[in-house]
Structures are given as structure tokens and as C-alpha cells.
Amino acid sequence: GIIVPYIIDQDLVSVFIHSYVEKAGEKTDRIDILIPGSRTPTMILGNRFDRVIILRDLLDGLYLHQESREAAGIIVHPDTGIHPSQPALEMVRSARDAVLCLQAASPGENPLRSRFKDAGRIRICKYEKQGDLVGLFSG
């Protein structure tokens, strides 16, 4: 797996492990694990908060931030069973446009949608691969 530290102003806030689940020798599912002792399961990337994109997948969130950092603020919230941080909820509430992006293989709206239910109106979009995410910003 890949270890991803989340650092704010030289302060280690959280540590994630991006792991793979192997099925019959094939890497099939990506799982993001929050290390115990981490203060929040929510990673906020960028500084544009009028448009917010919410993702479950850590690597997809990092990719989208790298490719489109000027277009939106990115919230990465892996499915840890823990509710998003208060700053993330406030960011979604104050955004003029909030989009929850789910991988097309995800069933229904995913438990992540219910974690942000108190944050106001959120559009849902589905994507197949990382490159599809950048297309959100054309237009």
C-alpha cells in the first residue's frame, strides 16, 4: 500500500494507508484506511471553496487536486464510518456548488452521501476512471 500523511501548517493531522484487496491474485478493490490516533478522517485540499468536490477515494482526490486545484476545493472522506470534520461540513454548506463523485461501480449513493446529509444540497455524479473527474470542470 501507499502511506499518505495529511499535514496542515507543519502539524501531522492524519495518516492514511491506501491499500489493495487481492482477489485470486488480482488487485481489485482499493481501500483507504485511517490510522488510529489520526484526528480526522477528512482531508481538505485547495483553497477555492465556492465549488466543492467530495470523493471517497484518496488517490482520486489527490489526482483531482493536482489536475484542477484552481477549479474547486476537494474533500476526501474515506468510508471509515466516522462523520466528516466540522470544517468540511461548513465548506460544503457555504459552497454554491457541491458535488459528490462516486465511482460508477459503487452501489446506490454510497454511505458517504448520508455522512454529508446535513450539509445541504449536493449533486451526485458517477465516474469510471480518474480522467473522468477532470471533465467536471469543463463548462
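Where does Gly-46 lie? Gly-46 is in the loop between S4 and S5. Before going on, this is a predicted model, in which local features need pLDDT of at least 70 and side-chain atom pairs count only at pLDDT 80 or more, while totals for chains, interfaces and linings use all residues. Residues are numbered from 1 along each chain as its sequence is written, and side-chain values use heavy atoms, with hydrogens and water left out.

The labels S and H stand for strands (E, at least two residues) and helices (H or I, at least four), which are DSSP runs numbered from the N terminus. Gly-46 counts as partly exposed at 31% relative accessibility. On this scale, buried is under 20% relative accessible area, exposed is over 50%, and partly exposed is in between, with a 1.4 Å probe and protein chains only. Gly-46 and Gln-66 are 20 residues apart along the chain, and their C-alpha atoms are separated by 9.5 Å.

Now the sheet. Five strands form an open sheet in the order S4-S6-S5-S7-S8, with mixed pairing; two strands pair if DSSP finds at least two bridges between them. S4 and S8 are at the edges with a single partner strand each, so one side of each has no neighbour in the sheet. On average, neighbouring strands are turned by 25° against each other, direction ignored. Axes here are lines fitted to C-alpha atoms, for helices over the stretch in contact, and angles run from 0 to 180 degrees between N-to-C directions. S7 and S8 pair in the parallel sense over five bridges, and Leu-102 has Lys-126 in S8 as its bridge partner.

H2 lies across S4, S5, S6 and S7, at about 135° to S6. Is Ser-85 buried or exposed? Ser-85 is buried, at a relative accessible area of 15%. Leaving out residues up to four places away in sequence, Ser-85 touches Thr-40, Thr-42 and Ile-44, where contact means heavy atoms within 4.5 Å.

Next, the interior. A nonpolar core is a set of buried Ala, Val, Leu, Ile, Met, Phe, Trp, Tyr and Cys residues joined through side-chain atoms within 4.5 Å. The largest one has 19 residues, and those with the most contacts inside it include Phe-16, Met-43 and Cys-101. Apart from it lies another core of 15 residues, among them Val-52, Ala-88 and Leu-102.

Last, the cysteines. Cys-101 is buried at 2% relative accessibility, and Cys-125 is buried at 15%. With a disulfide taken as a pair of cysteine sulfur atoms within 2.5 Å, the count is zero.
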